[in-house]
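Here is a short report on how one chain is put together. Have the sequence and the model open while you read.

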Amino acid sequence: MTENEVTEALVMSFLELINERKLAGRPYLAATMETIAGWLSDRTGLSVTSAHVQTLTAAMREGGLITVGGGGIGFPNTYDTREKEMGTERFWDQVDAFLLAWKHPSRRAMLRSS
């Protein structure tokens, strides 16, 4: 994987996680950032930490791709895509625009340490 592919791999893998939970009958993904980091590491082969997940989810929320809910102290956050409310075509256009405009600031470190 090249440095330029890191952000896309993380974003798409994270969206896949959310959609897999929905296909399993869950309304959203509920997990700690540590758990998500492990899942993303397994899926991408990158060395993803909870700090990387925090940066990723903050950017995706600000980019209008996901919603993040707080479970409260001691509970995992919840994550959902905005695909249903935006419509499929508009959502994926937004994903494409996000990937053109944003690169994970730790992409080099994740790639080097994987």
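## Helix 2 against helix 3

The axes of helix 2 and helix 3 cross at roughly 95° and come within 8 Å. That makes the two helices roughly perpendicular, since angles of 65 to 115 degrees count as such. Keep in mind that this is a predicted model.

Which residues make the contact between helix 2 and helix 3? Helix 2 brings Met-33, Glu-34, Ile-36, Ala-37 and Leu-40. Helix 3 meets them with Ser-50, Val-53, Gln-54, Leu-56 and Thr-57. By class, this contact holds 6 nonpolar, 3 polar and 1 charged residues.

## Helix 1 against helix 3

Two packed helices are described by an axis angle and an axis distance. For helix 1 and helix 3, the axes cross at roughly 80° and come within 11 Å. Helix 1 and helix 3 are therefore roughly perpendicular to each other.

On the helix 1 side, the contact uses Leu-10, Val-11, Phe-14 and Leu-15. Helix 3 answers with Leu-56, Thr-57 and Met-60. These residues divide into 6 nonpolar, 1 polar and no charged.

The model has an open sheet of 3 strands, in the order 1-3-2, with antiparallel pairing. Strand 1 (29-31) and strand 2 (66-69) stand at the edges. Each has a single partner strand, so one side of each is left without a neighbour in the sheet. On average, neighbouring strands are turned by 20° against each other, direction ignored.

How many bridges join strand 1 to strand 3? There are 3, and the two strands run antiparallel. Within this pairing, Leu-29 has Tyr-79 of strand 3 as its bridge partner. Strand 2 is joined to strand 3 by 4 bridges, also running antiparallel. Ile-66 stands opposite Thr-81 in strand 3.

Strand 3 covers residues 77-81. Is strand 3 largely enclosed or largely open? Of its 5 residues, 4 are buried, so strand 3 is largely enclosed by the rest of the structure. Buried here means under 20% relative accessible area.

Helix 1 (residues 3-23) lies across strand 1, strand 2 and strand 3. The helix runs at about 95° to strand 3.

## The nonpolar core

The largest nonpolar core has 29 residues. Phe-14, Ile-36, Leu-40 and Met-60 have the most contacts inside it. At least two residues each come from helix 1, strand 1, helix 2 (33-44), helix 3 (50-62) and helix 5 (88-101). Helix 1 gives the most, with 7 residues.

What does Phe-14 touch, leaving out residues up to four places away in sequence? Its contacts are Leu-29, Ile-36, Leu-40, Leu-56, Thr-57, Met-60, Ile-66 and Tyr-79. Some of these names have come up before. Ile-36 and Leu-40 take part in the contact of helix 2 with helix 3. Leu-29 and Tyr-79 are bridge partners in the sheet.

## A loop residue

Ala-24 sits in the loop between helix 1 and strand 1. Is Ala-24 buried or exposed? Its relative accessible area is 58%, and residues over 50% count as exposed, so Ala-24 is exposed.

How values were computed: Residues are numbered from 1 along each chain as its sequence is written. This is a predicted model: local features need pLDDT of at least 70, side-chain atom pairs count only at pLDDT 80 or more; totals for chains, interfaces and linings use all residues. Side-chain values use heavy atoms; hydrogens and water are left out. Two strands pair if DSSP finds at least two bridges between them. Axes are lines fitted to C-alpha atoms, for helices over the stretch in contact, and angles run from 0 to 180 degrees between N-to-C directions. Contact means heavy atoms within 4.5 Å. A nonpolar core is a set of buried Ala, Val, Leu, Ile, Met, Phe, Trp, Tyr and Cys residues joined through side-chain atoms within 4.5 Å. Buried means under 20% relative accessible area, exposed over 50%, partly exposed in between (1.4 Å probe, protein chains only). Angles under 35 degrees count as roughly parallel, over 145 as roughly antiparallel, 65 to 115 as roughly perpendicular and the rest as oblique. Ala, Val, Leu, Ile, Met, Phe, Trp, Tyr, Cys and Pro count as nonpolar, Asp, Glu, Lys and Arg as charged, and the others, Gly among them, as polar.
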